[in-house]
Amino acid sequence: MSWGTELWDQFDNLEKHTQWGIDFVEKYTKFVKERSEIELNYARQMRNLSKKYQPKKKDEDENKYTWCRAFHSTLNELNDYAGQHEVIAENMMSQIIAELTRYSQEIKTERKTHFHDGRKAQQHIEAGWKQLESCKRKFERDCKEADRAQQYFEKMDADINVTKADVEKARQQAQMRHQMASDSKSEYSSYLQKFNQEQNEHYYTIIPNIFQKIQAMEEKRIERMGESLKTFAEVDRQILPIIGKCLDGMTQAAESIESKTDSSQVIESYKSGFEPPGDVEFEDYGQAMKRTVSETSLTNSRSENKPERSSKSKTKTLWPFIKKNKLMSLLTSPVPRQPPPDPPSPSAVTPDPCPAPQTPKQCKEPLSHRFNDLMTSKPRMQCLRSLRRGGSNPEDFSHLPPEQRRKKLQAKIDDINKDIQKEMDQRDALTKMKEVYIKNPQMGDPNSVDPRLAEIAHNIEKLQVEAQKFEGWLAEVEGRMPVKSDTSRRTSTVYETQNSTPPTNNNCAQDRESPDGSYTEEPSSEVQTSNESKVQPETAESGDEFDDAEEDMLPTIGTCKALYPFEGHNEGTIAITEGELLYVIEEDKGDGWTRVRRNEEEEGYVPTSYVEVFLDSNAKDS
């Protein structure tokens with residue numbers, strides 16, 4: 001069916017219909033544009049969400065767990081998923097919106113041309129109709145004038161009173177009118193025939209052709225709409241395989257989670273390497289004998305605090321998971337005294353490598369007070385390097401427990417070895433290049449490679465020195481880590497008779513924690529064995545009161561002079577003044593601290609860089 005034959009008289013309706021079709025194209029274009037904006041916003045929000053939950057540098061330890069890695073993989077897949085929505089928006093912009101915008105302009109121009117031609121043909125036929133009507137009215141008017149002139153002539157001819165000249169004039173007038181009517185008739189007939197031809201051509205040729213072109217334009221517009229709707233669906237269909245891969249990646253990431261592996265990783269991450277504390281020895285308070293403080297005894301108060309001790313013993317206390325060394329050193333350490341007003345002069349300091357053990361009597365605080373001090377004490381000062389870096393972790397990881405420190409050092413050594421291997425590979429490549437240059441001088445100057453080779457050799461040397469440093473620390477840690485064995489655990493001893501021989505107190509300083517938080521356990525088996533072999537006789541004046549255990553002091557291995565004043569506010573440190581001379585009882589073990597003694601009652605740690613150490617010759621040889 002053709003619009004030209006069926007809708008020959010619906011010019012105005014066709015004009016409205018085609019305009020509505022173009023408006024619909026623009027409406028659909030706007031719809032697709034808003035859809036693409038939604039896709040872009042969705043993709044942007046998805047990317048921001050993925051970026052927001054990406055692991056930070058401080059959360060690098062999360063990669064050790066499978067469930068964290070699965071979540072990170074899901075975030076990466078989600079980021080790719082968001083990228084596919086960006087692809088949807090881009091394809092809609094290029095394949096639909098741009099095409100429909102361009103086609104909308106073309107169809108507007110084409111429609112304007114077709115309706116301009118139709119309007120022009122309509123105006124032409126209307127002008128012909130007006131001309132025909134004008135010829136028709138003229139013919140009608142001339143016919144009426146001819147009839148009136150004929151009647152007037154007949155009237156004059158019948159009247160006997162009218163002169164012959166008047167009659168002749170009337171006759172000529174009637175003939176002229178008849179001639180004019182005849183001419184008008186001929187003109188009207190000729191124009192009518194012409195108008196009919198034009199009208200026939202207008203309604204059967206011109207208008208059908210114009211309407212046929214408009215119909216083709218409209219059908220093409222409808223086809224383009226169908227293609228756009230199909231493209232709208234295909235744009236989504238094209239990314240479905242990639243989205244499916246993203247979803248498969250999320251599924252695989254979820255299936256890769258292994259609970260057993262993660263639980264084992266928790267052990268690897270937090271294992272300290274320490275042995276659990278042994279059994280607490282039994283202490284018989286009903287026997288009147290001289291009691292010495294055992295290594296694992298948690299009660300260290302004097303006899304005047306018996307009521308308090310007995311009342312507290314009624315409620316069993318569960319000690320927290322804290323290190324034995326720190327707990328025992330705090331519970332059994334004497335109350336720090338004020339330093340003497342005048343430091344010893346250099347002449348008065350006479351280093352003695354093997355002084356006799358001194359056990360001055362020192363009052364001790366009740367156990368509850370010491371335990372409160374432990375719970376509320378400030379963290380120990382880290383090494384001086386940490387202070388200079390604003391509290392960051394030391395280079396040798398001495399702030400970590402032995403097991404974690406060993407792992408960190410091993411990882412550091414592995415990284416350094418990788419860097420060394422890279423430098424060696426570059427050196428080998430440059431060496432081969434130099435050999436090629438030597439054989440073929442036209443390819444390059446062999447001497448141009450030497451600066452780079454020297455730089456690489458220097459880098460390798462630096463890295464090897466760094467590796468040796470960390471390997472030394474690693475060997476130190478591995479040598480100090482306790483070995484699991486049944487014999488290392490302490491067994492409880494029950495004093496059943498008064499004839500039992502209580503062991504003397506072990507030196508707490510032999511098993512200590514350095515001020516920077518590292519854990520150092522010095523071998524003290526020989527001292528412990530010798531101390532256990534000694535028997536302290538009971539005294540007559542012991543009565544119901546037990547004397548405090550005597551603590552053996554470490555021998556001095558040299559002297560030191562304070563270069564700078566040090567406040568010593570942290571636990572385990574000692575304050576010094578510039579120029580002061582002190583005894584050295586333990587040299588720096590790599591943590592940046594040296595243990596010194598001012599007199600028999602005051603000792604502690606000071607930064608190694610704050611003092612100038614003078615070791616004895618026998619200490620250096622040992």
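Which residue forms a salt bridge with Arg 597? The partner is Glu 603, with the closest N and O atoms 3.2 Å apart. The model is predicted. Across the whole structure, a search finds 26 salt bridges.

**Salt bridges**

- Arg 597 counts as buried, because its relative accessibility of 6% falls under the 20% cut-off.
- Lys 469 pairs with Glu 395 in a salt bridge, and their closest N and O atoms lie 2.8 Å apart.
- Lys 469 belongs to helix 11 (residues 450-480), while Glu 395 sits in the loop between helix 9 (384-388) and helix 10 (402-439). The pair therefore ties together parts that are 74 residues apart in sequence.
- Lys 469 is partly exposed, with a relative accessible area of 29%. For Glu 395 the value is 29%, and this residue is partly exposed too.
- Helix 11 also holds Glu 455 and Arg 452. Their side chains meet in a salt bridge, at 3.2 Å from N to O.
- Why can these two side chains point the same way? An α-helix has 3.6 residues a turn, so residues three or four places apart point the same way. Glu 455 and Arg 452 are three residues apart, so about one helical turn separates them.
- Glu 455 is partly exposed, at 42% relative accessibility. Arg 452 is partly exposed as well, at 32%.

- Helix 4 covers residues 164-255, which makes 92 residues.
- From its first C-alpha to its last, helix 4 reaches 132 Å. That is close to the 136 Å expected at 1.5 Å a residue.
- Helix 4 has a kink of about 45 degrees, centred on His 202.
- Ile 257 is placed in the loop between helix 4 and helix 5 (259-270). Its relative accessibility is 39%, so Ile 257 counts as partly exposed.
- The C-alpha atoms of Ile 257 and Cys 68 are separated by 8.7 Å. Along the chain, these two residues are 189 residues apart.

**Nonpolar surface patch**

- Leu 49, Tyr 53 and Phe 71 form a nonpolar patch on the surface. Together they have about 290 Å² of accessible area.
- Phe 71 is located in helix 3 (residues 66-158). At 39% relative accessibility, Phe 71 counts as partly exposed.

**Strand 3 and its partners**

- Strand 3 (residues 558-562) is mostly covered, with four of its five residues buried.
- Strand 3 runs antiparallel to strand 4 (residues 581-586), and four bridges join them. Gly 558 stands opposite Val 584, a residue of strand 4.
- Strand 3 also pairs with strand 7 (residues 611-615) in the antiparallel sense, over five bridges. Here Lys 561 stands opposite Glu 612 of strand 7.

Definitions and conventions: Residues are numbered from 1 along each chain as its sequence is written. This is a predicted model: local features need pLDDT of at least 70, side-chain atom pairs count only at pLDDT 80 or more; totals for chains, interfaces and linings use all residues. Side-chain values use heavy atoms; hydrogens and water are left out. Helices (H or I, at least four residues) and strands (E, at least two) are DSSP runs, numbered from the N terminus. The expected span of a helix is 1.5 Å times one less than its number of residues. The bend at a residue is the angle between axes fitted to the seven residues ending there and the seven starting there. Patches are made of residues with over 30% relative accessible area and no salt bridge: like charges are joined within 9 Å, nonpolar side chains (Val, Leu, Ile, Met, Phe, Trp, Tyr) within 5 Å. Accessible areas come from the Shrake-Rupley method with a 1.4 Å probe; for residues, only the protein chains shown count as cover. A salt bridge is a side-chain nitrogen of Lys or Arg within 4 Å of a carboxyl oxygen of Asp or Glu. Buried means under 20% relative accessible area, exposed over 50%, partly exposed in between (1.4 Å probe, protein chains only). Two strands pair if DSSP finds at least two bridges between them.
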